[in-house]
Amino acid sequence: VLKSDSMQYNLFDFLRSISDPRRGQGQRFSLEAVLGIIIMAILSGATGLRGIERFAKVNKSDLVDIFGFKHGVPTFGTFRSILSALDPQKLTASFQEWMSTYAGMDEVYALDGKVMRSTVVHPNDELHDFVNIVSLFGHKSGLVQAFEPFHIQAMREDNALRQLVDKLNLTGVTFTMDAAHTQKNFCLDS
């Protein structure tokens, strides 16, 4: 878990601050433990809920020791129900607020857009759509400081980048980005 002098709290403190959408009765696993496992699984290369469940099973003894579980590790159903119940907008806003504690660590940021895997709808017609995500990566800290998901049918990547930068209100920093964003009319006043 990363911690610096400028940070208010570490990752697990942040995860503890997220409102648990489950009712209190019958909870075997804390929300921060389940989300922590999901993060560890993704960082280890897991994709999808089955991959996260596989990660938990393979690392069962370590996870039981780390989190003090009494009933094994969470299963597919637990991961699915928790992720389905969380509000993605609130979670994104909370994450970006937490990451803002890193603000000021970097003077150079990379802006980039990527397509989110398995998000395509209507792939075989002209109305096809998929989710993209633009992110702000700090060169010095090595961290994604903020991100903004958007649908390709609703917005272009350059507009999403501008929205992200405007929302962060960064000044006196340098941005690096793809050549496609170096058009005459694309100007960032930061």
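This is a predicted model: local features need pLDDT of at least 70, side-chain atom pairs count only at pLDDT 80 or more; totals for chains, interfaces and linings use all residues.
## How α2 meets α5

Let's start with a pair of helices. Two packed helices are described by the angle between their axes and the distance between the axes. Here, helix α2 covers residues 31–43 and helix α5 covers residues 76–85. Their axes are 11 Å apart and cross at an angle of about 105°. Because angles of 65 to 115 degrees count as roughly perpendicular, α2 is roughly perpendicular to α5.

So who does the touching? On the α2 side, the contact is made by L31, V34, I37 and I38. On the α5 side, T78, F79, I82 and L83 take part. Sort these residues by type and you get 7 nonpolar, 1 polar and no charged.

## The buried side of α5

Which residues of α5 are buried? They are T78, F79 and I82.

What do the buried residues of α5 pack against? Their partners are α2 and α3, the latter being residues 48–58.

## A tucked-away tyrosine

Is Y109 buried or exposed? Its relative accessible area is 1%, and buried means under 20%, so Y109 is buried.

Y109 also has a tale to tell with Q145: the two are 36 residues apart in sequence, and their C-alpha atoms are 9.1 Å apart in space.

Definitions and conventions. Residues are numbered from 1 along each chain as its sequence is written. Side-chain values use heavy atoms; hydrogens and water are left out. Axes are lines fitted to C-alpha atoms, for helices over the stretch in contact, and angles run from 0 to 180 degrees between N-to-C directions. Helices (H or I, at least four residues) and strands (E, at least two) are DSSP runs, numbered from the N terminus. Angles under 35 degrees count as roughly parallel, over 145 as roughly antiparallel, 65 to 115 as roughly perpendicular and the rest as oblique. Contact means heavy atoms within 4.5 Å. Ala, Val, Leu, Ile, Met, Phe, Trp, Tyr, Cys and Pro count as nonpolar, Asp, Glu, Lys and Arg as charged, and the others, Gly among them, as polar. Buried means under 20% relative accessible area, exposed over 50%, partly exposed in between (1.4 Å probe, protein chains only).
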